[in-house]
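Hi everyone, thanks for coming. Have the model up on your screens, and I'll walk you through a few parts of it.

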Amino acid sequence: MSDRPQTPLLDTISLPSDLKRLSDGELRILADELRAETISAVSETGGHLGAGLGVVELTVALHAVFDAPKDKLIWDVSHQCYPHKILTDRRDRIRTLRQKDGLSGFTKRTESPYDPFGAAHSSTSISAALGFTVARELGGACESGLGDAIAVIGDGAISAGMAYEALNNAGALKRRLIVILNDNEMSIAPPVGAMSAYLTRLYAGVPFQELKSAATSAVSLLPQPFREGAKRAKDVLKHSVVGGTLFEELGFSYVGPIDGHDLDQLLPILRTVKMRATGPILIHALTKKGKGYAPAEDARDKGHGVSKFDVQTGEQRKSRPNAPSYTSVFAKALTDEATRDDRIVAVTAAMPDGTGLNLFGDRFPKRCFDVGIAEQHGVTFSAGMAAGGLKPFCAIYSTFLQRGYDQVVHDVALQNLPVRFAIDRAGLVGADGATHAGAFDVAYLSCLPNMTVMAAADEAELVHMVATAVAHDTGPIAFRYPRGEGTGVDMPERGEVLEIGKGRIVREGSGVAILSFGARLAEAEGAAEVLAANRGISPTVADARFAKPLDRELVLDLAKAHEALLTVEEGSVGGFGSHVAQLLAEEGVFDTGLKFRSMVLPDAFIDQAAPREMYDAAALNAGHIETKVLEMLDAIAFEKPA
């Protein structure tokens, strides 16, 4: 407790309404204390640091000027919301961030009335804010009332198609809507694309800002007949310098750029906007990710995601891995394959580090493409390259690939194009919680004609699946793998091409068969060992490898040779187990008396916790598999796992 910062002014703040009694000078002091408290809290919990530090002054200004929760403050992605949570009656729980039964690392409607809209994926804020605006004007009602809607969106997030769609719609509707562009020139990865270049031109230099100010002052001194001509000249000057104002063309009044860390600029502008705005308005605020904490400012990713760290040095307390991460195994395997096949290219949607493609890009910069926060485009871009004879690997997290589903169906599967989908973060992901869990990809991909779907049981299998995807030119193929460390198995020097639609037996047994799809295989093997040692039951354990096409021969042989068959997967209902059940039903196997059960993720969103705790909540750990086997065999009384 003694290491925590002294925050005498912040200690007097419980709710945003408490900021109304503070002078502007006191608000500046409050911002400094809020930054220190944010750094201290995240040092104990880990989490998203840089994004929150970059909006400390903006958070203070917004809550000082507007009237939350009546006014709806909507943070895009919301990984920058920790200072907001501290000011909105959650400071006493801020050191439970991203922990079991603690505060979410993102905004969450069920957590606080000050979180009017939940988020963790990008580019949703303007659409949601426009929805609140229309609800206010058409007589909608909510417990806290409906006031202004303010969307805070980053320069990376505003490059996504959904943000453009919302801007276009908002400009056409002409409702009073406030959008704050938090422009830090740094999303998770350095921003890419034409929008980034456009924003850079908007504030290319201080001299333009000074010239613009001088021009405005000069016009006011001219006699009235000359003012209109001078105004036109000023507009020509403005457009020649910045290349036009896209936001104004979309129907928004544009204010900025302004210094997003200067409360002397933020407060009067926000107060004026609150008092006078009649239609949609965009405030362009320049900020610095990691602002005010040197280790974050100096980090390549500006301290985007950190583990627990020492506040004085910034040194993170990362545990030493026992095995390589699945992500690094994928990146190494793909890079190795690319040295032998110059048609291999890689695509990521603003997550080069998260997917490991930064390593591929270092080796093959002309064959690696970061399309920005644009999963839809990334999928169809990959489809175009596949149609052009390349071998694209589209590396996107399971939870983010959901955003490009229509493109997967229409542009890839329907045309049977050989796009290779590398699906990271399959299954439950720990501290990021339900918003980032890879729960649904097996179900939403395995139902598609032409699609091949694999899941790696361990890191060695992942290497083989990369090689298999390289060799597969007859249609789209996907392989999924979890977040975190592998299991520590021996690694092959080079991947082997697997036979499509063929699984493997990993443990011979009798009575009951456990058919695993994906990284629960180690848990299935652990359950089998305990059953053999303690119960005299020796299950067969198999690794399906493929959800589509199913290994029909393996499934039917297991069903024929065993009294009971259990499938295990870290995906939702409608996935692998459902396909196995469909096959068994079609073949009339259930008529023979086979006992069949399927273990899947529950029909619920599971809140953040340590991964093992999340799988306990999902009842998918070894003890749960053991229990399910005993239930299927009607075994004698037994103790269920805690």
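The strands here, β5 and β6 (residues 280-286), pair in the parallel sense over five bridges. For the terms, two strands pair if DSSP finds at least two bridges between them, and helices (H or I, at least four residues) and strands (E, at least two) are DSSP runs, numbered from the N terminus.

Before I go on, this is a predicted model, where local features need pLDDT of at least 70 and side-chain atom pairs count only at pLDDT 80 or more, while totals for chains, interfaces and linings use all residues. Residues are numbered from 1 along each chain as its sequence is written, and side-chain values use heavy atoms, with hydrogens and water left out.

Back to the sheet. It is open, with five strands in the order β2-β3-β4-β6-β5, and the pairing is parallel. β2 (72-75) and β5 (253-259) are at the edges with a single partner strand each, so one side of each has no neighbour in the sheet. From one strand to the next, the twist averages 20 degrees. Axes are lines fitted to C-alpha atoms, for helices over the stretch in contact, and angles run from 0 to 180 degrees between N-to-C directions.

Now the helices. Helix α3 (residues 56-65) packs on this sheet and touches β2, β3 (149-154) and β4 (177-183), where contact means heavy atoms within 4.5 Å. The direction of α3 makes about 160 degrees with that of β2. Helix α5 (residues 125-137) also lies across β2, β3 and β4, running at about 175 degrees to β3.

There's another open sheet, this one of seven strands: β9-β8-β10-β11-β13-β12-β17, with mixed pairing. Which strands are at the edges? They are β9 (368-370) and β17 (546-548), each pairing on one side only. Inside that sheet, β12 (residues 452-455) and β13 (residues 477-480) run parallel, joined by four bridges, and Val 453 has Ala 478 as its bridge partner in β13. Helix α13 lies across β8 (344-348), β10 (391-395), β11 (420-423) and β13, at about 145 degrees to β8.

Last stop, the rings. The structure holds 13 aromatic pairs, meaning rings of Phe, Tyr and Trp (its six-membered ring) with centres within 6.5 Å; planes under 30 degrees apart count as stacked, over 60 as edge-to-face and the rest as tilted. One of them, Tyr 293 with Phe 309, is tilted, at 5.8 Å centre to centre and 40 degrees between the planes.
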